[in-house]
Amino acid sequence: MQQQKPIDHPISKLSYFLRYTAGWKQEVAQFEETLKEGLGQPGVLTDANIARVKRNCIARREDLELFEAQAARWAALPGLSRSRRSGLKELDDNLAAIRSLDAQIHDTATLLERATLEQQMSASDLDWGLAALRGELPRM
């Protein structure tokens, strides 16, 4: 299937993009903190939970690519004012922070994948206890 060409927004939408990405960054940071709580609680999340987290990471990366491409098109415009250049820098910082948080979320999900409810239920109590003693279960 052929990808559609992304919408090219006018630079006048920069303030909207700044507000949107600031909220997006905050939301992703809160989710990352919540997900980390699972590191101290093996068996709380399911395989389906982890799969959903990883799918969301992929979707977020695709969205980030669109936002980054738009920011790059705006940065290439001639004669940008100092305030718009400053706004583009803030937008780039927001997008970089989201990308970094997304990578942390993916890494945490990969750790949690080893200690899902299904993993815990499929192992004997002895195997699970030995894994905990050997430090093989994810920890914060």
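Visitor: Why does asparagine 94 count as buried?

Guide: Its relative accessibility is 5%, and buried means under 20% relative accessible area (exposed is over 50%, partly exposed in between, with a 1.4 Å probe and protein chains only). Asparagine 94 therefore counts as buried. A word on the basis: this is a predicted model, where local features need pLDDT of at least 70, side-chain atom pairs count only at pLDDT 80 or more, and totals for chains, interfaces and linings use all residues. Residues are numbered from 1 along each chain as its sequence is written, and side-chain values use heavy atoms, leaving out hydrogens and water.

Visitor: Which residues is asparagine 94 in contact with, leaving aside its neighbours within four places in sequence?

Guide: They are Leu18, Thr21, Ala22 and Lys25, where contact means heavy atoms within 4.5 Å. Asparagine 94 itself sits in helix H3. Over in H1, the buried residues include Leu18 and Thr21, and the buried residues of H1 pack against H2 and H3.

Visitor: What makes H2 and H3 roughly antiparallel?

Guide: Helix H2 (residues 47-75) and helix H3 (residues 82-112) pack at about 160 degrees, with axes 10 Å apart. Angles over 145 degrees count as roughly antiparallel (under 35 is roughly parallel, 65 to 115 roughly perpendicular, the rest oblique), so H2 and H3 are roughly antiparallel to each other.

Visitor: How many residues of each class does the contact of H2 with H3 have?

Guide: That contact has 15 nonpolar, two polar and nine charged residues.

Note on methods. Axes fitted to C-alpha atoms, helices over the stretch in contact; angles between N-to-C directions. Helix = DSSP H or I, 4+ residues; strand = E, 2+ residues; numbered from the N terminus. Nonpolar A, V, L, I, M, F, W, Y, C, P; charged D, E, K, R; others polar.
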